[in-house]
Amino acid sequence: MNHIQALQFGFKTFLKVVPWNLRPGLVISLRLSASSMGSKRTISSSSKPISAMDEDKTESKRFKPVVKENGVESVSVGLASFKNNPETIEKMTVQELRTTLRSNGLPAKGLKSELVSALKSLVEKMNGESSQAEEEEDQVQNVGTVSEVRKSKRTSKQSRLEVNTVQVDSKAVTTKKKLSVESVEVSETICVKVDSKVELSTPRNEPWTILAHKKPQKDWVPYNPRTMRPAILSRDTKCVKLLSWNVNGLRALLKLDGFSALELAQREDFDILCLQETKLQDKDVEKIACLIDGYQNSFWTCSTSKLGYSGAAIISRIKPLSVKYGLGIEDHDSEGRLVTAEFDSFYLVCGYVPNSGDGLKRLSYRTTEWDVSLSNYLKELEKSKPVILTGDLNCAHQEIDIYNPAGNKRSAGFTIEERESFEKNFLSKGFVDTFRRQHPGVVGYTYWGFRHGLRKTNKGWRLDYFLVSESIADQVHDSYIVPDVHGSDHCPIGLVLKL
C-alpha cells in the first residue's frame, strides 16, 4: 500500500468512526479572521455544563493547534481521526507526520520513529483529557442546576458584561450590567454549580431595602414593605385604613407628570387621607375641594399669617361626626397646622408640627409652647375617645430614626431638646409610636432632603408618625411606610386599625 492509499484509508476510517457533527477531515479546517477574534460574556441556562463542540474548542486552546497562513489563523482538527485508530499513524509518510505535528504546534524534526512517537503521545494525551472531561460532566449532571459562565475582557475603555439568563430552580431571571475595564485578560470558561435559590435584588429601584446608617446596630435591618407587612385582613374584619403624607406643596404635586391622586387612592385603597404642608390659600381650596372621586368629605386649614405656607387637610370617604380646626389657641392656630375629625370610635388629628428652623430660632417655641399645648389638647380629647395623631411631627426620636445621628445633634428635628420633648409630651403621656412598636429594630425613613439626591442612597429621617392612645394600640394591624411614592421630600405612611 503506497502513501496515497494509506492516506485515503485513514480518511475513510475517520468518516466511519467520527460522528457527523465532528467530521472536519484532515484537510478541513476552521478559519478565523484575526480581526474578528473575541468573545462575549454569557450565561447559559442549559442543564448540560459543556457541549461537545465547546470541548473541542477548549482542547484546541490547550494544545494551541494554530498555524498562520497568509495572515489567517487556521485551527486544524485532524487529530480526531487518530483517536480510535492510532495504528494509522504508523502508515503515514514523514512529510505527513511533520505537517500534522506542525499544524498542532509541535516540533517536527527527527527520524520517522521519533515523529510517530511524538504524534502518538499527543493523541494519547487528548484521549486522557477527553475521558477526564467526560467524568467531570457526569459529576456535574448529578448536581442539579448548572450555569455556564464565560468571561472575557477586551482592550477598550468600556467593555460590556452581559448576563443573559440565570436558571435557578427552573425559574429564569434576566439582568444586565455594565462594567468599565482597561485591561486585557485571556478568555476563560467557568462552570458554576447552584444548589439553592438566588434572589436578585434591585437596590437601584428600591434603595430603602439597603441598610443606610452611620452607626447601625447588629440587629438592625432595613424596612422592606414587600416582606414586612402582614397579610391583608379579610373582608369580614371591620377596619379603617389611614394614609398620611407631607406633600410639600399640593399645587406643585398635582402639576407633576405621572402623578394622579386618584391612582394613589385606587392603589392604596385608604378610607382617610391626611395631608400636611399643602401650602394652599383659601382660594386654592375652592378649586380642588373634591380632590379624589369617591372622597366627598374634605376639610382644609390654611395659614393666614403667612400665605402659601404650612396647611393641613383631612380627605375622607367616611363622613365624620364633627370637625375642628387648630388647638383653640390663637398664637398657634394662625399657621393652619391642625385638623381634628371625630369618628364613631376615635378622634383623628392631622398635624404639621412647627420646624425649629434655621439656627434653631423656633426651638424654644416648639418645645416649651407648641408641644405642651398639643399634648394637653390630645389628652383632653382622650377623655371621651381614643386618639390617633398623625402627620409630620418634625422629630427623629431615636438614633435609629436618622441616617447620621452624630452629625445632626444640633440640627432641627434631632436636637436633644426636641427628642426629650417628644418623649415627655407624647410617649410618656400614653401615646404609642405604632411603627416602632411593630418594627423595633427596623430602619425606615420617611423624609430625604432634596439636596445631593439623598433619597437614592436612602440617607433619610423618620419624621412622620402614627401615634395612638394606648387603649387601641393592640388594634393596630399594620403601621407601614410607602417609600416608592414620589413627588415630595417625604413619602406617605399608613395605618390599618381594626375596629
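User: What share of the contacts in the protein with a separation of 6 or more comes from residues 24 or more positions apart?
Analyst: The model is a predicted one. It holds twelve helices and 24 strands. Among contacts in the protein with a separation of 6 or more, the share from residues 24 or more positions apart is 71%.

User: How many residues does the protein have, and what percentage of them count as buried?
Analyst: A residue is buried when its relative accessible area is under 20%. The protein has 499 residues, and the part of them that counts as buried is 45%.

User: In E22, which residue is the bridge partner of Thr390?
Analyst: Strand E19 (residues 387–392) and strand E22 (residues 464–469) run antiparallel and are joined by five bridges. In E22, the bridge partner of Thr390 is Phe466.

User: Are H10 and H11 roughly parallel or roughly antiparallel to each other?
Analyst: Helix H10 (residues 363–382) packs against H11 at an angle of about 15°, and the axes are 10 Å apart. The crossing of the two helices is right-handed. Angles under 35 degrees count as roughly parallel. H10 and H11 are therefore roughly parallel.

User: Which residues in H11 do the residues of H10 meet?
Analyst: On the H10 side, the residues involved are Leu363, Arg366, Thr367, Asp371, Val372, Leu374, Ser375 and Leu378. In H11 they meet Glu417, Glu418, Ser421, Asn425 and Phe426.

User: Why is one side of E14 and of E23 left without a neighbour in the sheet?
Analyst: Both belong to an open sheet of six strands with mixed pairing, in the order E14-E15-E13-E12-E24-E23. Strand E14 (297–301) and E23 stand at the edges of this sheet, so one side of each is without a neighbour there. Neighbouring strands are turned by 10° against each other on average, direction ignored. The reason asked for is that E14 and E23 each have a single partner strand.

User: How many residues of E14 are buried?
Analyst: In a regular strand, side chains alternate between the two faces of the sheet. From E14, Asn297, Phe299 and Thr301 point one way, while Ser298 and Trp300 point the other way, and all are buried. The strand is largely enclosed by the rest of the structure, because the number of its residues that are buried is five of the five.

User: Which residue in E15 does Ser298 stand opposite?
Analyst: E14 runs antiparallel to strand E15 (residues 312–316), and five bridges join the two. The residue in E15 opposite Ser298 is Ile315.

User: In E24, what is the bridge partner of Val476?
Analyst: E23 and strand E24 (residues 493–498) run antiparallel, joined by five bridges. In E24, the partner of Val476 is Leu497.

User: Within what arc do the buried residues of H7 fall?
Analyst: The buried residues in helix H7 (residues 261–268) are Ala261, Leu264, Ala265 and Glu268. They line one face of the helix, because, seen down the axis of H7, they fall within an arc of 100°.

User: Which strands are included in what covers the buried residues of H7?
Analyst: The cover concerns the buried residues, among them Leu264 and Ala265. It includes strand E12 (239–246) and strand E23 (476–481).

User: What is the phi of Asp269?
Analyst: Asp269 lies in the loop between H7 and strand E13 (272–276). At 44% relative accessibility, Asp269 counts as partly exposed. Most residues other than glycine have a negative phi. Asp269 is not glycine, yet its phi is positive, near 50°.

User: Is His452 buried or exposed?
Analyst: His452 sits in the loop between strand E21 (442–443) and E22. Its phi is positive, about 65°, although His452 is not a glycine. A relative accessible area over 50% counts as exposed. With 74%, His452 is therefore exposed.

Conventions. Residues are numbered from 1 along each chain as its sequence is written. This is a predicted model: local features need pLDDT of at least 70, side-chain atom pairs count only at pLDDT 80 or more; totals for chains, interfaces and linings use all residues. Side-chain values use heavy atoms; hydrogens and water are left out. Buried means under 20% relative accessible area, exposed over 50%, partly exposed in between (1.4 Å probe, protein chains only). Helices (H or I, at least four residues) and strands (E, at least two) are DSSP runs, numbered from the N terminus. The arc is that of the directions from the helix axis to the C-beta atoms. Contact means heavy atoms within 4.5 Å. Two strands pair if DSSP finds at least two bridges between them. Axes are lines fitted to C-alpha atoms, for helices over the stretch in contact, and angles run from 0 to 180 degrees between N-to-C directions. Angles under 35 degrees count as roughly parallel, over 145 as roughly antiparallel, 65 to 115 as roughly perpendicular and the rest as oblique. A crossing is left-handed if the near helix is turned anticlockwise from the far one by less than a right angle, and right-handed if clockwise.
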